[in-house]
Structure formats: structure tokens, C-alpha cells
Amino acid sequence: MSKKSNIKTTIPFVLSVALIVAATTTYLLTVYYRQVCFQILSGFCERMIEKDPDTRQAVLELLKTHDFHMTGENIVSNFGYDPSNLGITDTTAHWIAIFVFLAGGILFVLSFRYWHKKTDARIQALTRYLEKINTGVQGLVFETSDDECSKLQDEIYKTVTELYQTREEALAARNNFAENLSNIAHQLKTPITSISLTVQMAKEHVRDAHVVETQQQHTSMACDMHAYMKDIERQINRLIHLEEALLLLSRIDAGTLTFDRKPTDVFTILSLASDNLYELFMQKGVLIDVPEMGEMNINVDVNWTMEAVMNLMKNCMEATATDTAVHCSYEKNPLYVQIRIWDEGEGFAKEDLPHLFERFYRGEKAKNTGIGIGLSLSKAIIEMQNGIIRAFNLPNGGACFEIRFYTL
């Protein structure tokens with residue numbers, strides 16, 4: 001129902017109410033007028049009788065003739081007369097009042113029926129809309145309206161829209177859950193298969209040990225068994241790391257990961273992260289440069305932020321060659337504190353850039369030891385502390401991670 005239609009409905013209501021008020025007012029004025037006339041006639045007769053008592057009989061006879069239209073009370077009423085007994089009532093005003101009252105009443109009833117019909121039509125339209133929604137029809141939009149049902153319509157439309165969004169989010173979460181399960185199964189399959197093959201080969205060497213004849217063969221088998229055990233240990237460590245990462249991801253998804261946020265100097269976080277990776281960097285032959293650039297505080301959890309930075313440093317270390325370095329820098333402006341970590345390698349592959357922070361994503365250049373969770377964890381930890389992260393290639397070569405922690 002449009003605004004124009006709403007006006008058409010309102011006008012008859014107002015007119016009917018006005019007619020009823022006019023009829024009632026006319027009737028009340030008529031009654032008042034009769035009473036005034038009655039008072040005047042009564043006073044007149046009283047004065048005449050006072051002046052000339054002999055006219056008393058003449059006045060009474062005159063009152064009985066009904067040849068006047070006056071009203072009275074007092075002395076006239078003492079003789080048992082009232083306006084109706086004297087026949088001075090003018091019914092024209094009464095009929096007008098009755099006609100106006102009936103016209104207003106009829107108009108009110110018709111207007112009410114018209115309004116009720118329109119309201120019923122609007123309710124039926126809303127009902128049909130909900131029925132279509134329940135049957136799975138999407139994309140339905142109401143026409144713009146401005147009537148008594150418009151607020152109900154808006155609330156229904158907002159509720160339906162929110163339900164659609166919730167449904168889409170639930171479907172996305174389900175698909176994401178299924179994809180994560182598939183990725184987890186794939187990640188578990190690799191170390192488990194490797195462990196199974198290693199154990200099988202170890203069993204074969206144990207069987208062969210019973211037929212060994214020389215000391216040299218004994219020594220060779222012992223070395224092989226040691227290598228098998230090292231491989232099993234490496235795969236078990238990978239499973240443990242995967243388990244810890246998956247538990248952390250589940251806590252992040254459930255919103256149960258808590259942060260003890262407090263002002264911390266950026267240099268402290270970078271130094272702690274580099275110290276924890278020192279042996280790994282030395283084994284690779286890569287240096288890490290953390291310059292002192294002045295005190296700049298960020299409101300974060302030290303341990304979790306250090307964990308996120310370590311993942312970024314490790315990623316840069318794995319992507320660069322021996323005898324190179326991983327660099328760090330940081331700066332501050334009124335809006336945020338910015339941290340950059342970059343390497344001297346070949347940079348990110350163009351096709352990898354849009355997917356770097358996706359869970360379990362591993363580019364073609366990724367090492368076999370990675371499981372594709374580190375960057376995703378870093379992104380989640382940073383974003384949960386009012387920060388953002390992005391990755392890009394430097395103009396002169398090298399991959400760069402840029403973190404911004406906002407101060408507001």
C-alpha cells in the first residue's frame with residue numbers, strides 16, 4: 001500500500017469523525033436553545049401575572065393554544081408544563097442532527113471496513129511472503145510502503161535477511177569444516193605413511209640381522225637402524241607440531257583463546273623471537289637483523305605476538321639462501337605501529353600471494369617439512385589484537401611481511 005493509498009484511507013476516517021462531532025454538537029445546541037426559550041417565556045409570563053393578576057387565566061389559556069415557539073421553566077413549570085407539553089419543539093434541527101449522525105456513522109463503518117480490508121490484504125501478503133521463504137524461494141523483496149504495517153514489514157524483512165546470512169555463514173562454516181578435515185587427514189597421512197614404511201624396513205633389517213656373518217655388516221645395519229629411528233622421531237615430532245597447531249586453531253575458531261594484552265616495546269618482541277630461532281638460523285647459515293629504532297609500544301600479548309612473529313621470520317629464513325639475512329624494521333605514526341620483516345630471496349610466486357594466509361596452503365616452493373598453518377596462525381593472532389598483516393614482494397627482490405597494530 002502506497003502513501004497515496006494511505007491518505008485515501010485516512011480522509012474518510014477524519015470526515016466521519018467530523019460529521020459525528022458536528023451532529024452531536026448540533027443536538028446539544030438545540031437542547032440548549034430550547035431551554036433558553038423556555039426560560040424567556042417563563043419570565044415573561046411571570047412578569048405579566050405580577051403586573052396584572054387578572055391576566056393569569058388569559059396567560060394559561062394562551063399557553064394551551066401552542067401558537068408560539070418559546071421555552072420556559074419556573075412559573076410555567078409550576079403548572080406542569082415543559083417544552084414538549086407546550087408544543088414549541090422544532091424538530092428540524094433534530095432531524096438534521098440525526099441525519100448528520102447517521103451519515104457520519106455510515107461513513108465511519110465504511111471507512112473501517114475499507115481499512116480492515118486493506119490491513120487484511122497486507123497481512124495476507126506478509127503471510128504469503130513467509131510461506132514462500134519457508135519453501136526456499138530467495139530474493140523476494142517487498143514493494144516500498146508507508147502504512148501501519150510498514151514497521152512489521154521492515155522487521156520481517158530484516159529478520160529474513162539475517163536468517164539468510166546466518167544460513168550462508170553456517171553453510172560456509174560447514175564447507176570450511178569439511179575442507180579442514182580433508183586437509184588434516186592429508187597432513188596426517190604423510191607422516192603416518194612414512195612411519196609405517198620406516199617400521200617395515202626396520203623389521204626387514206631385524207630379520208636380516210640373524211643371517212649376518214661379518215662385523216662390517218653388523219655396523220652397516222646398526223647405522224641403518226639409527227637412521228630409521230631418526231626418521232621415525234622426525235615424523236613423530238611433525239605429528240606433535242601438527243596436533244599443537246590444530247588445537248590452537250580450534251581455540252581461535254571457538255573464540256576461547258585469551259590474550260594478556262599490555263604495552264610492550266616492539267624491539268623486545270622482535271629480539272625474543274629472533275633469540276628463539278637463533279639455532280635454526282645458524283644451521284641454515286642465515287643472519288637476522290633486528291635494529292634498535294627507539295621505544296615504540298604496542299598493546300599486545302607478548303607470548304602470542306612473539307609466536308606470530310617467529311612464524312614470519314621462519315618463513316623468510318626458509319625462502320632465502322645461505323649467507324643472506326632476514327631483516328626487520330618498525331616505525332610509528334598517530335594511527336598505528338608498523339613492523340616489517342623481509343628476506344633477500346626470490347620473493348613470493350605471483351600465484352601464491354592471494355593464498356598465503358589460507359590454512360594448509362603450501363606453494364610450489366614450500367619445503368616438505370611445512371604443513372601450511374604457520375602464516376594462518378600469525379594472521380589470526382595479529383587480527384585478534386587489533387592488527388592487520390599483508391604480504392608482498394619488494395621492488396628489488398625479496399618477500400616482505402608488513403604488520404600494523406592500530407593504536408585506536
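Cys 400 is buried, at 0% relative accessibility; buried means under 20% relative accessible area, exposed over 50% and partly exposed in between, with a 1.4 Å probe and protein chains only. The model is predicted, so local features need pLDDT of at least 70 and side-chain atom pairs count only at pLDDT 80 or more, while totals for chains, interfaces and linings use all residues. Residues are numbered from 1 along each chain as its sequence is written, and side-chain values use heavy atoms, with hydrogens and water left out.

**Cysteines**

- The structure holds 0 disulfides, a disulfide being a pair of cysteine sulfur atoms within 2.5 Å.
- For Cys 400, the closest cysteine sulfur belongs to Cys 316, 7.6 Å away, which is too far for a bond.
- Cys 328 also has its closest cysteine sulfur in Cys 316, here at 8.1 Å and again too far for a bond.
- Cys 328 is buried, at 2% relative accessibility.

**Aromatic pairs**

- The whole structure contains 3 aromatic pairs.
- Rings of Phe, Tyr and Trp (its six-membered ring) pair if their centres lie within 6.5 Å; planes under 30 degrees apart are stacked, over 60 edge-to-face, and the rest tilted.
- Tyr 336 and Tyr 406 make an edge-to-face pair, with 5.5 Å centre to centre and 70° between the planes.
- Tyr 336 sits in strand E5 (residues 336-342) and Tyr 406 in strand E7 (residues 399-406), so this pair ties together parts 70 residues apart in sequence.
- Helices (H or I, at least four residues) and strands (E, at least two) are DSSP runs, numbered from the N terminus.
- Tyr 336 is buried at 15% relative accessibility, whereas Tyr 406 is partly exposed at 34%.
- Phe 357 and Phe 401 are also edge-to-face, because their ring centres are 6.4 Å apart and their planes meet at 70°.
- That pair links distant parts of the chain, 44 residues apart: Phe 357 is in the loop between E5 and helix H11 (374-383), and Phe 401 is in strand E7.
- Both Phe 357 and Phe 401 are buried.

**Leu 277**

- Leu 277 lies in the loop between helix H8 (266-276) and helix H9 (278-284).
- Leu 277 is buried, with a relative accessible area of 7%.
- Beyond its neighbours within four places in sequence, Leu 277 contacts Met 310, Met 313 and Lys 314, where contact means heavy atoms within 4.5 Å.
- Ile 288 is 11 residues from Leu 277 in sequence, and their C-alpha atoms are 9.4 Å apart.
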